[in-house]
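Here is a short report on one protein model. Please look through the sequence and the coordinates first.

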Amino acid sequence: MSHTQADPKNTFGSMLGSEVKLILDRVSDIIIGQCVESYIVGGLVRDALLGRDTADIDLAVAPDALEIAPRVAGALGGKYVLLDRENRIGRVILPDSEPAPCGRRWELDFSTLAGDIEHDLARRDFTINAMAVDLGQLRQGPAVALIIDPFYGQEDLKQGVIRAVNESSLPADAVRLLRAVRLVAELGFSIDPETEAQIRHHSSLITTIAGERIKEELLRLLAFPGNERILTYLDDLGLLTEILPPLAAAKGIEQPKEHFWDVFEHSLKTVTAVDFLLRQGRWEYADGEVIAAVPWSATLAGHFAQEVSGGSTRRTLLKLAALLHDVAKPQTKSIEAGGRVRFLGHALDGASIAAGLLAKLRFSAREIKLVETLIQHHLRPGQMSQGQLPTHRAIYRYFRDSGDAGIDTLFLSLADHLAARGPGLDLSHWQEHARTVEYVLSRRFEQESIVHPPKLVDGHDLINIFDINPGPEVGVVLEAVREAQASGEVTTREEALKYIEKLLEETAGK
């Protein structure tokens with residue numbers, strides 16, 4: 001199919017935002033003069049037709065993207081990243097000084113043309129992404145740049161349909177199986193029935209994809225509100241338990257009578273509850289009193305928006321922890337003589353299982369640590385008080401153990417509560433739980449000394465003044481002093497020394 005079959009009524013340049021157009025002009029200045037054949041392809045064409053902002057620009061070039069992309073990076077002061085040496089794909093990340101929409105940085109992905117442009121488009125994933133515009137034509141003026149659309153992607157855009165370009169599109173690169181669902185969430189489209197059947201048929205191929213590529217699609221999926229519907233759809237297509245295998249065992253695992261759903265459904269509901277608590281979604285079983293009890297502020301909103309590592313935020317990782325927080329329940333389930341169902345040790349075992357899963361998906365050490373800590377301690381907030389507000393000592397111990405994940409874990413505990421009770425939520429018990437969380441947060445923000453007491457004594461004091469030998473005992477005594485500080489028992493160095501003296505006397509007397 002030739003270029004002349006593009007619809008002459010559809011021009012492209014006028015659809016672009018001024019910032020995108022400026023970047024494309026600069027790229028064009030760099031490569032057109034070097035006799036480089038170049039096309040804008042994929043998502044940028046699609047999003048321009050939909051009137052959507054994007055910070056991602058895909059370009060197909062010849063002869064070789066791995067020669068061209070580094071030159072563009074150097075000329076624009078950006079960073080070059082090799083994405084795929086075998087398929088000759090490279091990325092240029094522009095500096096923060098270049099303003100981009102959606103609070104992101106501009107990313108320009110350069111792929112190497114496979115034959116002519118029509119042949120290249122035939123190798124792409126979905127018809128709505130298999131459109132192109134000649135960059136040279138765009139440089140000549142908006143009226144000249146025509147949209148090359150050999151697979152009727154514009155028609156599918158109008159119909160809101162995600163359709164594979166051909167039968168080999170999905171098995172050719174199995175990450176496209178996940179991408180199809182992500183586009184459902186992102187665009188509000190539906191998957192063509194034939195393409196949907198292909199996804200189910202090829203679902204097991206997702207395990208052949210590099211972990212980091214699955215991670216990228218999973219995080220982008222979790223960034224959207226209303227994840228329960230999307231996660232359920234992923235499961236229906238056979239993808240969810242392929243990328244997170246331990247979830248398969250959670251299906252049908254019944255829980256104690258106070259739980260409304262089995263372990264698997266409860267896990268999906270907990271993700272939805274997180275968005276509700278973070279003011280990102282709705283909870284169909286709640287009225288205004290439920291959310292009114294939950295503390296919220298600009299400080300908390302900023303906390304959960306923080307980037308943890310490339311592509312992840314505290315919010316998305318909290319939702320991932322919510323999905324996996326009970327992943328060890330199937331193997332830890334026991335039924336006592338009286339019929340009571342227990343899951344002893346599921347938090348600790350679940351943290352270990354989740355850490356292993358995320359390591360295989362190439363999550364960073366910081367991301368893994370956050371999710372692991374969230375799961376390990378998700379029961380702690382509910383255990384901090386029994387009918388009364390927690391003590392300063394209990395709050396200190398909680399933040400000592402949960403560390404950087406302390407605030408996030410409080411909200412996971414609330415989401416877990418909502419997703420356990422569902423429509424059977426007891427409002428008074430919920431308000432008590434929320435009041436505890438609010439109190440712990442207020443102490444965290446208002447009284448930093450409870451969480452991080454100032455140092456009054458150190459190891460040298462214990463060795464020189466009390467003649468304690470270097471070793472584990474030093475750490476035990478110093479931790480006891482910090483707890484006493486957090487509880488208000490000790491406030492000065494002199495009081496700390498007296499406290500240590502008394503502690504050592506009591507220890508020696510045992």
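Which backbone nitrogen does a side-chain oxygen of D458 reach at the start of α25? The backbone nitrogen of H460, to within 3.1 Å. A polar contact here is a pair of N or O atoms within 3.5 Å; within protein, one must be able to donate a hydrogen and the other to accept it, and residues adjacent in sequence count only if both atoms are side-chain atoms.

## Basis of the model

This is a predicted model: local features need pLDDT of at least 70, side-chain atom pairs count only at pLDDT 80 or more, and totals for chains, interfaces and linings use all residues. Residues are numbered from 1 along each chain as its sequence is written, and side-chain values use heavy atoms, with hydrogens and water left out.

## Overall chain

The protein chain has 27 helices and 13 strands. These are DSSP runs, numbered from the N terminus: helices are H or I with at least four residues, strands are E with at least two. The C-alpha atoms fill a box of roughly 95 × 55 × 40 Å along the principal axes.

Of the 510 residues, 53% are buried. Buried means under 20% relative accessible area, exposed over 50%, and partly exposed in between (1.4 Å probe, protein chains only). The accessible surface comes to about 23,000 Å². Carbon and sulfur atoms hold 49% of that surface. Areas come from the Shrake-Rupley method with a 1.4 Å probe; for residues, only the protein chains shown count as cover. Among contacts (heavy atoms within 4.5 Å) with a separation of 6 or more, 69% join residues 24 or more positions apart.

## The seven-stranded sheet

Seven strands form an open sheet with mixed pairing, in the order β3-β4-β5-β2-β1-β6-β7. β3 (79–84) and β7 (147–148) are the edges; each has a single partner strand, so one side of each lacks a neighbour in the sheet. Two strands pair if DSSP finds at least two bridges between them.

Strand β5 (residues 107–112) has five of its six residues buried, so the rest of the structure largely encloses it. β2 (residues 56–62) runs parallel to β5, joined by six bridges. In that pairing I57 stands opposite L108. β4 (residues 89–93) runs antiparallel to β5, with five bridges. Here G90 stands opposite F110, and I89 has S111 as its bridge partner.

## Helix α25

Which residues of α25 (residues 459–466) are buried? They are G459, D461 and L462. These residues cover an arc of only 165° around the axis, which puts them on the same side of α25. The arc is that of the directions from the helix axis to the C-beta atoms. Their cover includes α26 (472–487) and α27 (493–508).

The face turned away from the buried side carries the exposed residues H460 and N464. After the helix comes D467, with a positive phi near 60°.

## Aromatic pairs

Rings of Phe, Tyr and Trp (its six-membered ring) pair if their centres lie within 6.5 Å; planes under 30 degrees apart count as stacked, over 60 as edge-to-face and the rest as tilted. The count is seven aromatic pairs. F260 and W261 have ring centres 4.9 Å apart and planes at 80°, so the pair is edge-to-face. W283 and Y285 are also edge-to-face, at 5.3 Å centre to centre and 70° between the planes.

F260, W261, W283 and Y285 form one aromatic cluster. W261 is buried at 14% relative accessibility, and W283 is buried at 5%. Y285 is partly exposed, at 29%.
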